[in-house]
Every structure is written in structure tokens, then in C-alpha cells.
Amino acid sequence: MSSTVRNKPPSILKPGSEAPDFTLKSTPDQTVSLRDFLGRPVVIAFFPADWSPVCTDQMGLYAQVMPQFKKFNAEVLGISVDGIWTHLAFAKDRKLNFPLLSDFEPKGAVSRAYGAYQARVGESARALFVIDERGIIRWSLLSPDGINPGADGILSALEKLRRA
Amino acid sequence: MTQKYKSPRLTLPAGERDHFEGPSDAPVVLVEYGDYQCPYCGAAYPIVKKIQKNLGKRLRFVFRNFPITNLHPQAQWAAETAEAAGAQGKFWELHDFLYEHQSSLGDEGFFARYERALKLDLAKLKDEVAQHVHLTRIEEDYMSGIRSGVNGTPTFFINGSRYDGYPEFGPLVSALEEAEKQST
């Protein structure tokens with residue numbers, strides 16, 4: 001890969017695209033597949049790394065806002081390239097109430113499928129997707145690495161889905 | 001549409017529903033979303049006081065609740081207590097008391113100490129906290145924060161725009177004075 005390609009910012013999948021299916025580990029002996037959630041909205045939050053301060057804020061915020069997401073019957077999935085054991089420790093420490101999936105092997109494959117992989121640093125980008133009950137991406141947002149995108153955009157997208 | 005990131009604005013403007021200090025015609029309005037158990041809010045508390053002293057009547061300060069209950073077990077109780085004191089006309093007294101005694105929040109005897117200090121009707125206050133009388137207002141504060149890009153505490157808004165700088169005296173005063181210039 002040439003250096004120009006490696007340094008290019010990720011170009012994430014746009015609304016209207018079919019959300020690529022995946023199966024990733026949520027615990028050492030359990031997996032989660034996107035297709036498990038057909039029939040209800042899914043929020044996917046790709047993030048660069050467990051433990052980094054902004055991620056902590058962002059994932060902790062989603063745990064706190066969970067009752068609002070549940071009003072839309074939405075499932076929230078966090079995805080990074082961290083291994084499952086660090087995910088478990090991080091989730092326990094931050095009292096997260098939704099699965100963190102490990103895009104570990106082959107590294108970043110799911111992040112790449114969503115255009116949310118930063119080859120330069122070998123991490124997922126900070127990207128959000130709201131997927132409708134038929135598996136179509138209806139909203140997506142790429143945030144700068146250091147900026148917590150919050151929950152507002154997700155809630156607005158879920159409201160729009162409900163009205164549609 | 002795939003959207004580009006932009007710095008958020010306050011979706012629920014500061015108004016009469018809010019707890020405020022400073023005149024209604026102040027050229028600068030500083031809104032804080034805070035959690036009484038959050039150490040960063042505790043650190044920001046004396047800074048805000050100093051800023052209020054410094055800017056005087058040029059500033060209106062508003063405090064809204066953003067209790068991070070999954071990390072701070074005392075935050076919800078503290079927020080409800082401050083609101084219940086507010087119903088007795090003593091919101092700011094209790095707000096200040098909570099931040100000034102943050103390390104002993106929720107200890108045995110905490111109630112007794114602020115009762116003595118603030119001369120509140122303690123039975124009424126305890127009853128309102130137990131009945132969650134002020135919960136709706138706290139939830140309204142919280143949701144207005146979520147919808148305005150509050151992602152942690154403390155988060156400040158200056159004349160409706162989220163302040164993304166450091167919550168330190170110098171940078172905050174510069175940003176407030178900049179907003180003042182733009183508003184006149």
C-alpha cells in the first residue's frame with residue numbers, strides 16, 4: 001500500500017448502503033452477528049481503543065443514555081480492534097451495559113468493511129452507524145479521533161427512523 | 001446524509017426555568033452542566049466563582065444537572081437535594097455547600113451539617129428527595145444536555161455555544177470576553 005493511501009482519512013459507508021453482516025466475539029466463548037438483530041434498529045459505534053480517555057467518555061455516555069436507546073428498541077454495539085479480554089475489563093470498569101465486540105482477527109476486517117479503519121494507526125476510526133430494521137444504514141458519522149460525538153446524532157437518527 | 005462534525009449548540013436556551021445568578025440582561029451567559037460528585041466539576045467550582053467575581057454584572061451563570069449515575073452513586077441524590085433546597089429558595093446555597101463538601105457527600109451526618117449551615121426545612125426536603133419530586137426537572141436538564149452535545153461533566157456553553165477549551169480560569173475568561181465583544 002502506498003503512503004498516500006495509508007494516510008487518507010477513512011471514507012465510511014453512507015446512508016442507503018446495506019450494512020455488511022459480521023460475526024464477532026462478545027465474550028471469549030460467545031459471538032454476536034449483525035443479522036441477529038434484523039427487525040430492530042442497531043447502533044454501531046466503532047472506536048479507536050479501550051481505555052483511551054475520549055472512548056471512556058463516549059462509551060460511558062452510551063451506557064448512561066441506554067434507557068433512551070431502549071425506547072427505540074435499539075441495540076447498541078461497540079466495536080474496536082482490542083482483544084476480548086481487554087474489552088471485558090474495560091466494560092466492567094466503566095459499567096457498560098452493551099456488548100463490546102472484538103474486531104481482532106483478521107484485524108480490523110469489519111471496521112474496513114464499513115470504511116471505518118485507520119490503517120495508519122491500526123485502529124478503528126471513531127464512526128457511528130444507525131442501521132434500520134431491514135439492515136440498511138440510515139445514518140453515519142465520522143468524528144475526529146479526539147472528539148466525542150455524543151448521543152444526539154444517534155437519537156435524532158432513531159427518531160427519524162421511527163417517523164419513516 | 002453522512003455528516004461532518006460541528007461543535008454543538010444549546011438546544012434548550014437558558015431561561016426562567018433555570019437556576020441562575022447574575023442579571024437577565026448580562027451580555028454573557030455561561031451555562032454549566034454538572035454532577036455534584038464529579039471531581040472535575042468540583043475542580044471547576046472555585047474557578048466559576050472566581051469568574052463570577054471577576055465579570056460581575058456582565059455575566060449570568062446557569063447550572064443544570066447532568067448526574068452520571070452509572071459512575072457516581074451519590075450524584076442523583078445530590079441533584080435531587082439541591083433541587084429540593086431550590087424549592088425552599090436556597091438552590092445556590094446548597095449547590096455551593098455540596099461542592100464545598102464534595103469529599104463527604106452522602107456521609108452520615110451530611111444532612112445535619114447543611115441543615116445547621118443553611119437553615120432548611122429538613123423534613124420537607126428529605127420527603128421531597130424520598131418522593132423524587134424533582135426528578136422530572138433533573139431528567140429534563142439531563143436530556144437537554146444529551147441533545148446539546150454534553151458528553152461528560154463539566155460541560156460549559158457560552159452564549160449557547162459549547163465551550164471546548166480547558167475548564168481553567170484564563171481560557172474561560174478569554175472565551176467569555178470574546179463572546180461579550182461579539183454580542184455588543
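Reply: H2(B) is followed by B:Gly89, which has a positive phi, near 75°. Helices here are DSSP runs of H or I with at least four residues, strands are runs of E with at least two, and both are numbered from the N terminus. The model is predicted, so local features need pLDDT of at least 70 and side-chain atom pairs pLDDT 80 or more, while totals for chains, interfaces and linings use all residues. Residues count from 1 along each chain as written, chains are lettered from A and ligands numbered from 1 in written order, and side-chain values use heavy atoms, without hydrogens or water.

Start with the helix itself. H2(B) covers residues 75-87, 13 residues in total. From first C-alpha to last it reaches 19 Å, close to the expected 18 Å. That expected span is 1.5 Å times one less than the number of residues.

H2(B) is mostly covered, with 10 of its 13 residues buried. Buried means under 20% relative accessible area, exposed means over 50%, and partly exposed lies in between (1.4 Å probe, protein chains only). Among the buried residues are B:Trp77, B:Glu80, B:Thr81 and B:Glu83. Several alanines are buried as well, including B:Ala75, B:Ala78 and B:Ala82.

What do the buried residues of H2(B) pack against? Two strands of chain B are on the list, E2 and E4 (59-65). So are helices H3 (91-100), H4 (110-118), H5 (122-130) and H6 (135-146) of chain B.

Now follow B:Glu83 to its partner. The side chains of B:Glu83 and B:His19 make a polar contact at 2.8 Å. A polar contact is a pair of N or O atoms within 3.5 Å; within protein, one must be able to donate a hydrogen and the other to accept it, and residues adjacent in sequence count only if both atoms are side-chain atoms. B:His19 sits in strand E2 (residues 19-21) of chain B. B:His19 is itself buried, at 15% relative accessible area. A polar contact of 3.5 Å also joins its side chain to that of B:Arg137. Beyond four places in sequence, B:His19 is in contact (heavy atoms within 4.5 Å) with residues that include B:Phe61, B:Phe63, B:Phe91 and B:Trp92.

Next, charge pairs. Side chains of opposite charge can pair when their charged atoms come close. A salt bridge here is a side-chain nitrogen of Lys or Arg within 4 Å of a carboxyl oxygen of Asp or Glu. Over all chains, the structure has 19 of them. One joins B:Glu177 and B:Arg58, at 3.4 Å from N to O. These partners are 119 residues apart: B:Glu177 is in helix H7 (residues 169-183) of chain B, and B:Arg58 is in the loop between H1 (39-55) and E4 of chain B. B:Glu177 is partly exposed at 31%. B:Arg58 is partly exposed too, at 31%. Shared partners also tie B:Arg17, B:Asp18, B:Arg64, B:Glu140 and B:Asp141 into one salt-bridge network.

Chain A has its own pairs. A:Arg134 and A:Asp132 form a salt bridge at 3.7 Å. A:Arg134 is exposed at 58%, whereas A:Asp132 is buried at 2%.

Last, the chain contact. It takes 28 residues from chain A and 17 residues from chain B. About 1,700 Å² is buried between the chains, with carbon and sulfur atoms giving 49%. That is the accessible area (1.4 Å probe) that the two parts lose on being put together, summed over both. In chain A, A:Leu61, A:Gln64 and A:Asp152 lose the most, together 29% of what that side buries. Two salt bridges link chain A and chain B. One of them pairs B:Arg147 with A:Asp152 at 2.6 Å. Eight residue pairs are in polar contact between the chains. On the chain A side, helix H2 (53-71), strand E9 (137-143) and helix H5 (152-163) each give two or more residues. H2(A) gives the most, with seven residues.

One more detail concerns the backbone. The peptide bond from B:Thr153 to B:Pro154 is cis, with omega near -5°. B:Pro154 lies in the loop between H6 and strand E5 (155-158) of chain B.
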